[in-house]
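Hi,

Here's the structure I promised to send over. Have a look, and then read on for what turned up in it.

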Amino acid sequence: MIIDPKIEKYAEEFSSHQGAVLNELFRETHLKIMNPRMLSGQLQGRFLSMISHMIRPKNILEIGTYTGYSAICLAEGLQEKGTIHTIEIDLELEAIAKKYFRKAGIENSVVAHFGNALEIIPPLDLVFDLVFIDADKENYPNYYHLIINKVRKGGFIVVDNVLWSGKVVQPLKSGDKDTAGIFAFNALVQQDERVENVLLPLRDGLMLLRKI
Ligand SMILES: C[S@@+](CC[C@H](N)C(=O)[O-])C[C@H]1O[C@@H](n2cnc3c(N)ncnc32)[C@H](O)[C@@H]1O
């Protein structure tokens, strides 16, 4: 967590509530699933929902489904008949994610892909209005290269964990591939003239990009 926990709690209290289904998913993930800190949570979830409502996307791509929390938040802003494609490598997460897609009433709007995103993205023949990157940090630059030509002009990309618990302002330790991936990604987009970007210090850092 980058910001003072009291400030984060206050920000959560003065943001809309996530609702009963996401509340239940949050609790079940914390009770039954490894690494529940990976789930976006109330504040970031409401931010993703708000962004999606602002864009009203027809097609969303998410890389890193985990238990489905952020996919449900993003789907809240979909156009009627819009679709969210979400990719997860861990097949053990399929049952819980699909259970909550049903509970959230979005099962017909979600295409849940299971496998390695590096292999699943290239053959996806779609143009996306919104992409959320939230999988293995080492591959962030690779994901960016794979999706950038699939995002429409004026479309948006949101990327999680770009402050990586503050490690981005500390010396890089040898062998730390995750932090190296975040460093490389942040540098890559900062000099890429195809996008405008703003790094928001929300939760673990969110990079918001607009393709120009
Ligand atoms: C931080 S979690 C995603 C959290 C989710 N977006 C949320 O906010 O609730 C990252 C997920 O990416 C998945 N992942 C890691 N490497 C992947 C890959 N190469 N392809 C697809 N998914 C991957 C992990 O198994 C994990 O479930």
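First, a term: two strands pair if DSSP finds at least two bridges between them. Helices (H or I, at least four residues) and strands (E, at least two) are DSSP runs, numbered from the N terminus. Residue numbers start from 1 along each chain as its sequence is written. Bear in mind that this is a predicted model: local features need pLDDT of at least 70, side-chain atom pairs count only at pLDDT 80 or more, and totals for chains, interfaces and linings use all residues.

Strands β4 (residues 128–133) and β5 run parallel, joined by five bridges, and Leu 130 sits opposite Phe 156 in β5. In β5 (residues 151–160), seven of the 10 residues are buried (20 or more other C-beta atoms within 10 Å of a residue's own; exposed is 12 or fewer, partly exposed is in between, with C-beta atoms placed from the backbone).

Now helix α8 (residues 177–190). Its buried residues are Gly 181, Ile 182, Phe 185, Asn 186 and Val 189. Seen down the axis of α8, they fall within an arc of 125° (taken from the directions from the helix axis to the C-beta atoms), so they line one face of the helix. Lys 177, Ala 187 and Gln 190, on the other side of α8, are exposed.

Cheers
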